[in-house]
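The stops below are meant to be taken in order.

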Amino acid sequence: MLNEKEIRALRFYIGDVSGSDPFFSDPKAYVVLNSLFFPDISSERARAAEGKLLNPAIIADTERLTGFFSNLFSAFRKSISAEDTVTHRVERYSDYQLCREKAQTVSFTSTSKNGFLSAYRDRLGIALMELHIPAGSLCIDVGAALPHYAKPEEAEVLLPPFTKLTLSEAAPAGEELLITDSAGAPPVVSCRGEVSGTAAFSGEVTALPQGGELAGMRVYEALNAGKVPVKDDIALYSQWKKALRELLHHMFTN
């Protein structure tokens, strides 16, 4: 069973929130949380171009942010699949390309036992992913893990970042072609992914660059306003994100 902190972190991630706290009341906090695992600001640009809000409050307090990740990682360590499971995901194609390159999940990855969900077609350029998760894998069956599941129709199985994947691709065919992105375009690719454990940490944990979170907040504000962020802010924030990713990978595997 998950403890109170782990339940709160999981509920927060899936958008089951309340109150007015600028961090914990954001039902779309995962937009920023997942962007943090991607290099430079390509992920933030893609999400802003889709009309998604980048909430500066998510990264304003580094201690609060890493505390959230610690609690969600702890929930994953208590959540091991009891049986083989097949799930599906409508992925942003630009994100899928990095996933394919690294042969692992890049960020937290929401999948569904109910097929390809229409709610996740709100992106430009999509890839269809059928994921085969063997028994013994680290993943959270959200409906089983929470005492109250706010989104039972999603039948969500959440994979952590750094999960190794073996991917095989095919051209979309048949009913898959009817699954379209936010512009009405069919999927770019269809793939089958085999989950196979967690990628080992081989990086180096370094101090987060001072002021990196503030630079990131300015980057968000610019992108939210449809403007081009300042180059120095992009560079500092990108360095800060890289150091944060190394820290989080170390936290998760150790």
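Select Arg8 and Phe24: in this predicted model, Arg8 sits over the face of the Phe24 ring, 3.8 Å from the ring centre. Now select Arg47 and Phe38. Here Arg47 lies over the face of Phe38, with 5.7 Å to the ring centre.

Next, select residues 62-77, which make up helix 5.

Then set a distance between the end C-alpha atoms of helix 5: they are 22 Å apart. This agrees with expectation, because 16 residues at 1.5 Å a residue should span 22 Å.

Stay on helix 5 and show side chains. Which residues of helix 5 are buried? They are Leu65, Thr66, Phe68, Phe69, Leu72, Phe73, Ala75 and Phe76. To see what covers these residues, display helix 1 (4-14), helix 2 (30-35), helix 4 (57-60), strand 4 (140-141), strand 5 and helix 9, which are among the covering elements.

Last, turn to the aromatic rings. The model holds 20 aromatic pairs. One of them is Phe162 with Phe252, a tilted pair with centres 6.4 Å apart and planes at 40 degrees. Phe162 is in the loop between strand 5 (156-159) and strand 6 (163-170), whereas Phe252 belongs to helix 9 (residues 231-253). The pair thus joins distant parts of the chain, 90 residues apart.

Key. Residues are numbered from 1 along each chain as its sequence is written. This is a predicted model: local features need pLDDT of at least 70, side-chain atom pairs count only at pLDDT 80 or more; totals for chains, interfaces and linings use all residues. Side-chain values use heavy atoms; hydrogens and water are left out. Rings of Phe, Tyr and Trp (its six-membered ring) pair if their centres lie within 6.5 Å; planes under 30 degrees apart count as stacked, over 60 as edge-to-face and the rest as tilted. Helices (H or I, at least four residues) and strands (E, at least two) are DSSP runs, numbered from the N terminus. A charge sits over a ring if NZ of Lys or CZ of Arg is within 6 Å of the ring centre and within 35 degrees of the ring normal. The expected span of a helix is 1.5 Å times one less than its number of residues. Buried means under 20% relative accessible area, exposed over 50%, partly exposed in between (1.4 Å probe, protein chains only). Contact means heavy atoms within 4.5 Å.
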